[in-house]
Amino acid sequence: MVSRAEPQQKEYDENMNSKISILIDGSGTLPDPKDKVIIMAAVGVNAQEILLSALKKARKSTRCDKKEKSISEVKFYKAGERTKAVYLKELSLANINIFALIIEKNNQSIKDTPNNFALLAYILLKECLVFYKDIKIKEVIFDKHFQRKDDLIKFNEALLKLLGETLTLKHLSSVDNPEINSADMVAGSLLWKYTGKNEKFYNLIKDKIISEQILNWKEARAMIFANKNKKPHEPAQAPIQ
């Protein structure tokens, strides 16, 4: 795992008297064996207006073509190269913290179930909770992954049980809540890096990354048992092989 907590001490101190929102999105798909990795990214921020400001500046600074102007939200795979660069550069200048989980699939097809998705969210959120151990978490916002209400309920129950902590969980559409796109842009940048496509967008935000954990699916699954007796704000660890 890569950790860069020290450079973020100033931002941490500034957040001490604030309530933190954590926004989460992913890139890659669990069931498709052709996807080599799954990325889960979290952006911690004490005021979501910061993220909206970054989006506004990206749109204003970018000479979008007609196709891009018609897009209602800025998604990594829909945005042009310049839009990606401007948006991510703005995020790099903002008072945010980034947490990343990279799951190496090894050509596996993994079922996209509430329990499996909750496991990924658990591993990622444990890193957030450790970093923000002295700061109140206002809410955890997910770009809506499941559409069925039953699946959302199962996911929430599974995640909170794994964490052993009560958190306010929200599942929102990024169309109506564009600040969530910050996590999508981060996840897309990480996916490009870990699939060998390009590291230039990752390099724009790497100094904001607090943790960057790399596991395979077997290791991720084993973490349920390896960490079952840990308190919420204790670091999660992969089992010793």
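**Note on the pocket, helices and loop of a predicted model**

1. By class, nine nonpolar, five polar and four charged residues make up the lining of the largest pocket. Here Ala, Val, Leu, Ile, Met, Phe, Trp, Tyr, Cys and Pro count as nonpolar, Asp, Glu, Lys and Arg as charged, and the others, Gly among them, as polar. A pocket is found on a 1 Å grid over the protein atoms alone, as an open set of points with protein on both sides within 12 Å along at least five of seven lines, where a 1.4 Å probe fits; lining residues have an atom within 4 Å of a point.

2. The model is predicted, and local features need pLDDT of at least 70, side-chain atom pairs count only at pLDDT 80 or more, and totals for chains, interfaces and linings use all residues. Residues are numbered from 1 along each chain as its sequence is written, and side-chain values use heavy atoms, with hydrogens and water left out.

3. The largest pocket has a volume of about 280 Å³, a volume being the space filled by probe spheres set on the points, with grid points joined across faces, edges and corners. It has 18 lining residues, of which Gly26, Ser27, Gly28, Phe117 and His145 are the closest to its centre. Two or more lining residues come from each of strand S2 (19-27), strand S3 (37-45), helix H5 (114-131) and strand S5 (136-143). The largest share, four residues, is that of S2.

4. The protein chain has nine helices and seven strands. These are DSSP runs numbered from the N terminus: helices are H or I with at least four residues, strands E with at least two. Of its 241 residues, 51% count as buried, where buried means under 20% relative accessible area, exposed over 50%, and partly exposed in between (1.4 Å probe, protein chains only). The accessible surface comes to about 12,100 Å², with 48% of it belonging to carbon and sulfur atoms; these areas come from the Shrake-Rupley method with a 1.4 Å probe, and for residues only the protein chains shown count as cover.

5. Among contacts between residues at least 6 apart in sequence, 77% join residues at least 24 apart. Contact means heavy atoms within 4.5 Å.

6. Helix H7 (residues 181-194) has 14 residues and reaches 20 Å from its first C-alpha to its last, close to the 20 Å expected. The expected span is 1.5 Å times one less than the number of residues. H7 is mostly covered, with 13 of its 14 residues buried. Gly196 follows H7 and has a positive phi, near 75°.

7. Which residues does Ala187 touch, not counting residues up to four places away in sequence? They are Asp25, Gly26, Ser27, Ile39 and Ala41. Ala187 lies in H7 and counts as buried because its relative accessibility is 0%. Ala187 and Ala41 are 146 residues apart along the chain, while their C-alpha atoms are separated by 5.2 Å.

8. Asp184 also belongs to H7. Asp184 counts as buried because its relative accessibility is 11%. Leaving out residues up to four places away in sequence, Asp184 touches Asp25, Val74, Lys75 and Phe76. Between Asp184 and Ile24 there are 7.8 Å in space, C-alpha to C-alpha, and 160 residues in sequence.

9. Ile123 lies in helix H5 and, at 0% relative accessibility, counts as buried. Residues up to four places away in sequence aside, Ile123 touches Leu101, Gln213, Leu215, Ala220 and Met223. The C-alpha atoms of Ile123 and Leu162 are 9.3 Å apart, with the two residues 39 apart in sequence.

10. Helix H4 (residues 81-93) has 13 residues and reaches 19 Å from its first C-alpha to its last, close to the 18 Å expected. Its buried residues are Thr83, Lys84, Val86, Tyr87, Leu88, Glu90, Leu91 and Ser92.

11. Phi of Asn106 is positive, near 55°, and Asn107, in the loop between S4 and H5, has a positive phi of about 65°. Most residues other than glycine have a negative phi. Asn106 counts as exposed because its relative accessibility is 54%; Asn107, at 62%, also counts as exposed.
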